[in-house]
Amino acid sequence: ENIKVPILRSSARIAGRLNYVCPRLFPSPEIISQPKIMNSRPGFNSSNKDFSSYECILAENLLKFQLRPYSQIGLDRSSIPCLQTSSQLISELLLEIPEIQNASEHVTSLWYGSTVVKTITSPLDNDGYGNTPTLNDTECQIDLPSCLENISREDMEIVLLGTGSSQPSKYRNVTSILVNLFSKGTIIIDCGEGTLGQLKRRFGLEGADDVVKALRFIWISHIHADHHTGLARILALRRDLLRDFPHEPLIVVGPKPLQRFLDAYSRLEDLDMQFLDCSHTVDVSWITLADIKDTDSQDSWESIEGCTILAKCNNEMTSNCKYPGSPVDTVMALPILSRLKKALYYAGLESLYSVPVIHCPHSFAIVLKATERMNTISKLIPGWKLVYSGDTRPCQALVDASHDATVLIHEATFEDGMEKEAQIKNHSTTMEAIEVGTAADAYRIILTHFSQRYPKIPIFDDTHMSKTCIGFDLMSVNAADLPVIPKVLPQLKLLFQDHEKSLHDDPNIEH
């Protein structure tokens, strides 16, 4: 029950503020919306030294039991976080930033029209106004891609579980993305430490279990720890949740070095998974799988042994992915590829491609393409296309893979003007990420993986954000809301105006 009382008070406070401005992109976190279980008071509670009449004591975050000195024996509640009610949080916000109420009402009008006035009586209501939202702003419908025509809110949702880089900070967890396909299952793309905790904060205890049980596969972009150290905990939880039910091992698609880590961990406990190298999910691998199924002969196994993929990302780096490494490698990989193809089918996905990118060795981006669907008048509508860059420098391979993407989630570790640092560390600046999306003609761009030097919001130029949005932890972007997300950003930015000024004025931050 103590999950309902946030120990990460600062991030919970920001989540509540973001929810007030735009509840559609920032649904009420479970830890904020629940009342506090116990009425704790500051100071020591040493009045009852005989606990024999109590069967149990309900634990709370940072609750302590004092043993010595004996005169102070008992429960120490002085460090227990004090939970703000939603009305207290919003009252504080309106007092600090009075214009935020107008910003909130403007955001509301994008979905419900100007006749709906947002009150502050229940600002953290998950269901908003109890109605199915429809985009009101006609400008949002201009250049709407055909794949979003009459799209349901039960089609696809992107939940950013972590948007920071390197290590968790006070306000941003490290990289992790949940692709929620609702009745068709879930997918985790990258899985930094704390991913399970973020799932519980976003969906609650039972909801997080449901997400993990519904996993179709997990995809990891590269071997750096901030992208995979939450993986074992997710796999172990799924194993326990499905222990008494018939199921198959979960497929984990990742860079080759990750297999060594998972194999070593599996000697401690069974993770109930099968590993597939990202290099086996590049486009030529799927072609090879189809060819083998068509011919089903020994000759086909031998003919692909020397197949080499040469991906020239740019003049700085060339990524060589040899497929397969050996005939034995081929025999081992293709059955799992077939299983992955089946998982994609049940997830309503037409394809998954990994794309070599410029970062550390064995770094990849991912392309997910949904299957076509029929509308109410039996018109065939193409499926949406989701691209995630992983960590990378801007590269032509990613631009080509992102062509006509419905949404591109691209890393933007550094602010503009730090191109030299970005080149040294093989990352991207905000403008470089936007330029990749623009060159690929992506419909929407979501920026993530920010340096922890920008704890609350990164520095960016508003003039280039016409189809771009900044990612925040626990931000949930439904496919039906993609047209409106750039229009929400200026209103969200009001929450951090003092923080932005402090970043610009801080002499310890290089600009």
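This is a predicted model: local features need pLDDT of at least 70, side-chain atom pairs count only at pLDDT 80 or more; totals for chains, interfaces and linings use all residues.

Biologist: How many strands form the open sheet that includes β18, and in what order?

Modeller: Six strands, in the order β12-β13-β16-β17-β18-β19. The pairing is mixed. Helices (H or I, at least four residues) and strands (E, at least two) are DSSP runs, numbered from the N terminus. Strands pair if DSSP finds at least two bridges between them.

Biologist: What about β17 and β18: parallel or antiparallel?

Modeller: Parallel. β17 (residues 407–411) pairs with β18 over five bridges. Within that pair, Val407 stands opposite Arg444 of β18.

Biologist: Which strands does helix α13 touch?

Modeller: α13 (residues 430–439) packs on the sheet and touches β17, β18 and β19. Its direction makes about 155° with that of β18. Helix α14 (residues 485–493) packs on the sheet too, touching β18 and β19. The direction of α14 makes about 40° with that of β19.

Biologist: I clicked on Lys467. Where is it?

Modeller: In the loop between β18 (444–448) and β19 (468–470).

Biologist: And what does Lys467 touch?

Modeller: Leave out residues up to four places away in sequence. Then Lys467 touches Gly437, Thr438, Asp441, Ala442, Tyr443, Arg444, Ile445 and Pro486. Contact means heavy atoms within 4.5 Å. Take Ile445: 22 residues from Lys467 in sequence, but 6.3 Å away in space, C-alpha to C-alpha.

Biologist: New topic. There's an open sheet with β20 in it. What is the strand order?

Modeller: β9-β8-β7-β6-β5-β4-β20, seven strands with mixed pairing. The edge strands are β9 (273–277) and β20 (475–478), and each pairs on one side only. Neighbouring strands are turned by 20° against each other on average, direction ignored.

Biologist: How many bridges link β8 to β9?

Modeller: Five, in the parallel sense. β8 covers residues 250–254.

Biologist: Which strands does α5 lie across?

Modeller: β4 (157–162), β5 (176–180), β6 (186–191), β7 (215–219) and β20. α5 runs at about 130° to β4.

Biologist: At what angle do α5 and α6 pack?

Modeller: About 30°, with their axes 11 Å apart. α5 spans residues 195–213 and α6 spans 231–241. They are therefore roughly parallel to each other. The cut-offs: under 35 degrees is roughly parallel, over 145 roughly antiparallel, 65 to 115 roughly perpendicular, the rest oblique.

Biologist: Which residues meet there?

Modeller: From α5, Thr195, Leu196, Leu199, Asp209, Val212 and Lys213. From α6, Arg233, Ile234, Leu237, Arg238 and Leu241.

Biologist: And how do α1 and α3 pack? What is the angle?

Modeller: About 75°, with axes 10 Å apart. α1 is residues 9–21 and α3 is residues 86–96. These two are therefore roughly perpendicular to each other. Arg13, Gly16, Arg17 and Tyr20 of α1 meet Leu89, Ile90, Glu92, Leu93, Leu94 and Glu96 of α3.

Biologist: How many aromatic pairs are there?

Modeller: Rings of Phe, Tyr and Trp (its six-membered ring) pair if their centres lie within 6.5 Å; planes under 30 degrees apart are stacked, over 60 edge-to-face, the rest tilted. By this rule there are five. Among them, Trp219 and Tyr388 are edge-to-face, 6.4 Å centre to centre with 85° between the planes. Trp219 lies in β7 and Tyr388 in β16 (residues 385–388), so the pair ties together parts that are 169 residues apart in sequence.

Biologist: Last one, the backbone. Where is the cis peptide bond?

Modeller: Between Arg68 and Pro69, with omega about 0°. Pro69 is in the loop between β2 (64–66) and β3 (74–76). Check Asn150 as well: its phi is near 50°, a positive value in a residue other than glycine. Asn150 sits in the loop between α4 (100–112) and β4.

Note on methods
Residues are numbered from 1 along each chain as its sequence is written. Side-chain values use heavy atoms; hydrogens and water are left out. Axes are lines fitted to C-alpha atoms, for helices over the stretch in contact, and angles run from 0 to 180 degrees between N-to-C directions.
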